[in-house]
Amino acid sequence: MNGHGKSDRRVVPEKPPNKAGLPAAEGVEGRSLAEGNPSQQIRFRTQCREDLQPALDRVREAARQDKGLRFTTLWHHVYEVDRLREAYFRLQRDSAAGVDGETWRHYGEDLEVHLQDLSQRLQSGAYHAKPVRRVYIPKSDGSRRPIGVPVLEDKIVQRATSEVVQAIYETDFKGFSYGSRPGRSPHNALDALYVGILRRKVNWVFDVDVRGFFDSISHEWTMKFFEHRIADRRVLRHIQKWLGAGVLEDGKRTRMEKGTPQGGSISPVIANVYLHYVFDLWADQWRRKHARGDVILVRYVDDIVIGFQHRADAERFRRDLVERFHKFSLELNADKSRLVEFGRFAASDRRRRGEGKPETFHFLGFTHICGETRRGKFTVVRQTMRRRLRGKLKEVRLDLRRRLHDPVPEVGQWLRSVIAGHFRYYGVPGNGPALRSFREQVIRDWFRTLRRRSQRTRLNWERMDRLVNRWLPGPRIQHPYPDQRLLVTTRGRSPVR
């Protein structure tokens, strides 16, 4: 019997195939990726990926059919050389090195030897997690966010482990959970929230902010949550190693009693599993048992928004959530968590009471505003958060100063990528004015920077327009209306349930 009163039903690994039926992935172990042209390498990697999927498909199907199944034999999926190789190629090639200084490109110069050695250490138990290097990145509000940079081999093993673990938990996660999940993006969460507010009876929105979530995760509860589905002690032991590996900062190593450093491939999986048990299951049950009206839920990792039909439900949910979080070492940020009147009747109700316009709330970089269509119908207007806009423009100005004497075509190509990336994320219907504002401000900053290159500059706006037309793309809406996209992705299923 397991610790939850259920029998441990074991997943027995399939019998290895004979030589005649060897999977292609096994047949090419040890083949060097340094040989051959890039197209051959791409075909090789694609074939490996296709050969790796059937094993995880069987794990995924077993998890889907039996929600009480605890998996006892998973580690062999992690140390497969083909899976480690695929994990290596999925890493960012220009990411910072960890405490050992190993870079993606240097490791890849003798990739097959390194992967074979890593696989053997994972099998024998000789692999040891190393502490992460702590760095700080600036946030849009002026503060700094701590990021952990694991060593390259930890990144590889964590990514391989994440893929195996996700094969199980993807069958368990709720539909309103969107963060760090295969096939789901921030815009899927934004679309679900938009459609939920428009189609359901939402009059109040609770914008939840969890204080220092990644730094507050309980290691003890994390391991208990993973043990609900995983009984392979090697998988659990390595997750525990990564949690307790510690942080190296200014040459001093600090052991972590709680929390998981952001930056590792395993951290988003840990966060999703943690909140799946702490919040998702509980919140879904709460709205079924206690809510008197409609309740919609949307979560993207630790960014959570809940819509309510009745204020009484929202206030009771908030009180109960504080107690729920406290039990699992989490805390609601009282200063940033807000309950706002929002929905199709918010403007008229507040006008009748002699109050101002409906309040707004922020979610995934967008400010959500109660608005109207041209026909006078209620809609949700989504605009780029001013703080995010100012932060990005400040970042562009600093980079322009560093590139002051770089060739104009080089700077133009870089600015094109910056603006195109901004449009890809923020190019939602109704946000055109903010896109134009961002582009115009970048143009003005570039113009001022170019004029600083020389005291005898001849640059005027006529010449600048030619540069702009040559290098900078115009504002463009990149995303369809949410209800159009969700009509395809959900096929009639509720996007918020």
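User: Which element gives the largest share of the lining of the second largest pocket?
Analyst: This is a predicted model, where local features need pLDDT of at least 70 and side-chain atom pairs 80 or more, while totals for chains, interfaces and linings use all residues. Residues are numbered from 1 along each chain as its sequence is written, and side-chain values use heavy atoms, without hydrogens and water. Two or more lining residues come from each of α2 (38-65), α4 (81-89), β2, α7 (152-169) and α12 (267-289). The largest share, seven residues, belongs to α7.

User: Which residues lie nearest the centre of the second largest pocket?
Analyst: The lining (residues with an atom within 4 Å of a pocket point) holds 29 residues. Nearest the centre are R90, R159, G264, S265 and P268.

User: Which strands stand at the edges of the open sheet of four strands?
Analyst: Its strands (DSSP runs of E, at least two residues) follow the order β2-β1-β4-β5, with mixed pairing (at least two DSSP bridges between two strands). Each edge strand has a single partner, so one side of it is left without a neighbour in the sheet. The edge strands are β2 (144-149) and β5 (252-254).

Notes:
On a 1 Å grid over the protein atoms alone, a cavity is a set of points where a 1.4 Å probe fits but cannot get out, and a pocket is an open set with protein on both sides within 12 Å along at least five of seven lines; lining residues have an atom within 4 Å of a point.
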